[in-house]
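Look at the sequence and the structure shown below.

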Amino acid sequence: MKVKIPLLEKEMPRKWYNLAADLPSPMNPPLGPDGKPVTPEMLAPVFPMNLIEQEVSRERWIDIPEPVLDLLYRWRPTPLHRATYLEQALGTPARIYYKHEGVSPAGSHKPNTAVPQAWYNKQFGIKRIVTETGAGQWGSALAFACALLGIECKVFMVRISYDQKPYRKLMMQTWGAECVASPSTLTNAGRAILAEHPDSPGSLGIAISEAVEAAVTEHSGTTRYALGSVLNHVLLHQTIIGLEAKEQLKKVGEKKVDVVIGCAGGGSNFAGLAFPYVNDKIHGDRIDIIPVEPFSCPTMTKAPFVYDHGDTARMTPLLPMHSLGHDFVPPPIHAGGLRYHGIAPLISQAIVEGLVTPQAMHQLECYAAAVLFAKTEGIIPAPETSHAIAAVIKQAKQAKEEGKQKVILFNLSGHGLMDLGGYDRYFSGKLEDYELPREEIDASLERIKDLPKPSVNRTGRW
Amino acid sequence: MKEQYDAAEGYCRMLGHPVNFAYCRAGTGPLPCRKIADCWFERLPIEDFLRGHYTPQEIEAIFAPRPGRLESILQVVRNVTGTRNDP
């Protein structure tokens with residue numbers, strides 16, 4: 001039985017797919033403090049203009065430059081697996097397929113955007129890219145990408161992570177990046193913290209401040225900042241996942257996919273697999289497209305569509321997205337990638353249209369699914385990926401009950417070999433399920449009820 | 001005593017690895033991390049702890065809204081360059 005469906009390099013997609021071109025209703029733009037849309041010029045000190053152009057583009061297909069393809073060939077196309085052994089364990093008539101993004105050098109889908117971002121920066125004349133990282137998944141992906149391009153890479157890694165989580169730091173250093181413990185003496189933001197707290201263990205917020213400051217204050221103008229999720233151009237780069245999957249499924253005679261599933265934090269790995277199928281759905285196909293989130297942090301499944309302010313002073317831009325509001329404090333969940341209080345705007349608009357239908361899964365169910373997957377398919381998934389697997393198993397069991405041979409496709413966004421602490425807590429019985437009470441959500445929403453509401457652009461077709 | 005739970009270990013989902021309660025209490029700034037309640041409520045009497053050691057104003061400040069990622073970036077740009085983000 002065929003369990004891996006490879007794709008040749010020459011068969012790899014030559015274009016990224018931009019959902020913004022096909023959304024049947026326009027997205028509400030991000031707004032500045034004055035209520036006017038954020039402009040490309042505002043982002044110019046931070047990102048190179050060629051990436052900003054992608055960020056605001058409405059072109060349906062955007063060429064992947066040949067040199068970028070050459071770089072992606074290091075690990076792409078990624079294999080599409082038929083989850084034969086999981087199917088057997090479940091006794092399901094469903095045919096389950098997954099894209100294995102854990103085969104990238106950094107172990108996740110993150111290099112799919114890190115590499116093009118580094119390339120576009122280099123084309124723009126940028127010689128150094130700066131970013132921040134916690135445990136190091138994004139930092140290591142960018143370090144890898146910069147190594148391929150011969151660009152300097154500086155990563156501000158939160159001090160406590162730098163000390164306690166050395167392996168991704170070593171990955172970054174191996175790829176030639178300068179990994180700096182944050183707070184550092186290299187920036188005003190870092191020095192201010194150290195002046196007051198010389199032993200500060202740092203935080204992600206401080207590291208972001210240091211990275212952005214380092215990028216925008218470098219006098220030659222050849223340094224920029226890079227971000228690994230949420231933004232449109234990041235999602236765009238990730239669509240190579242779904243585009244490859246379509247070619248691979250054709251090879252094994254699958255003419256139709258019934259269900260597409262991905263875990264969704266900021267949304268980039270979900271979007272990467274799903275957006276090409278959203279396009280099919282817009283053009284008439286019947287597909288269930290499901291972003292999965294933790295039950296205990298229901299950004300997509302229980303919140304209405306609102307404009308969400310960034311700060312109390314309301315001086316920062318407003319982004320239209322599904323959100324529970326900024327004072328929403330989600331209960332514990334052990335999936336590092338699923339921590340955004342708002343999902344990417346493109347995904348929000350797809351939810352509004354009914355093109356994608358979010359689901360929420362409890363964390364114990366997710367870990368149980370991850371363990372079953374590891375025992376059957378052999379791969380230990382990242383904790384956030386386990387949300388997708390739990391949703392797949394739910395669909396497969398439903399197919400069994402209904403006697404339906406549906407085709408389920410999901411994204412195995414990364415392996416969990418660097419994140420085994422969550423498994424340890426699961427096996428030792430330290431994890432609990434918790435569902436946010438409706439009244440807590442209502443109270444949070446009450447606090448943001450007076451914020452401006454976007455026009456709900458919806459065609460009503462789905 | 002504020003330090004009574006400092007040795008307890010939990011998982012920081014902001015960073016992606018385990019940390020001690022001391023980090024959540026005092027590691028990220030003068031006030032506890034805004035996630036302290038949801039990360040610890042299952043294991044510690046966190047509301048009692050906060051009410052016992054912080055004023056209502058401080059508690060409000062702990063849980064005050066924070067900028068999202070893009071907003072944070074633009075705010076830092078504004079702070080660093082001294083320019084407004086308005087066109």
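## Two packed helices

A crossing of two helices is called left-handed if the near helix is turned anticlockwise from the far one by less than a right angle, and right-handed if clockwise. In this predicted model, the crossing of α6(A) and α8(A) is left-handed.

Two packed helices are described by the angle between their axes and the distance between the axes. Helix α6 of chain A covers residues 137–149 and helix α8 of chain A covers residues 166–174; they pack at an angle of about 15°, and their axes are 8 Å apart. Angles under 35 degrees count as roughly parallel, and α6(A) and α8(A) are therefore roughly parallel to each other. On the α6(A) side, the residues that meet α8(A) are Gln137(A), Gly139(A), Ser140(A) and Ala143(A); their partners in α8(A) are Arg168(A), Met171(A) and Met172(A).

## Two buried residues

Is Lys154(A) buried or exposed? Lys154(A) has 10% relative accessibility, and residues under 20% count as buried, so Lys154(A) is buried. Strand β7 of chain A, residues 152–158, contains Lys154(A). Leaving out residues up to four places away in sequence, Lys154(A) touches Arg128(A), Ile129(A), Val130(A), Thr131(A), Glu178(A), Val180(A) and Leu186(A).

Leu43(A) belongs to helix α1 of chain A, residues 40–43. Leu43(A) also counts as buried, at 10% relative accessibility. Beyond its neighbours within four places in sequence, Leu43(A) is in contact with Val38(A) and Ile52(A), and with Leu70(B) and Leu74(B) of chain B. Between Leu43(A) and Glu87(A) there are 47 Å in space, C-alpha to C-alpha, and the two are 44 residues apart in sequence.

In soluble globular proteins, nonpolar side chains tend to be buried together. The largest nonpolar core here has 76 residues, and those with the most contacts inside it are Phe275(A), Tyr277(A), Ile289(A), Ile347(A) and Leu409(A). Apart from this core lies another, of 43 residues, which includes Val180(A) and Leu231(A) as well as Leu15(B) and Cys24(B).

What does Ile347(A) touch, not counting residues up to four places away in sequence? Its contacts are Leu235(A), Gly266(A), Gly267(A), Phe270(A), Ala271(A), Phe275(A) and Val356(A).

## Confidence

The model scores ipTM 0.89 and pTM 0.86. Chain B has a mean pLDDT of 78, with 78% of its residues at 70 or more. Within chain B, confidence is highest in helix α1 (residues 21–27), at a mean of 92, and lowest in helix α2 (residues 36–40), at 72. Where pLDDT is low, the predicted coordinates should not be read in detail.

Technical notes. Residues numbered from 1 in each chain as written. Chains lettered and ligands numbered in written order. Predicted model: local features only at pLDDT ≥ 70, side-chain atom pairs only at ≥ 80, totals over all residues. Heavy atoms only, no water. Core = buried A, V, L, I, M, F, W, Y, C linked by side-chain atoms within 4.5 Å. Buried < 20%, exposed > 50% of the residue type's maximum accessible area, 1.4 Å probe, protein only. Contact = heavy atoms within 4.5 Å. Helix = DSSP H or I, 4+ residues; strand = E, 2+ residues; numbered from the N terminus. pLDDT = per-residue confidence, 0-100. Axes fitted to C-alpha atoms, helices over the stretch in contact; angles between N-to-C directions. Parallel < 35°, antiparallel > 145°, perpendicular 65-115°, else oblique.
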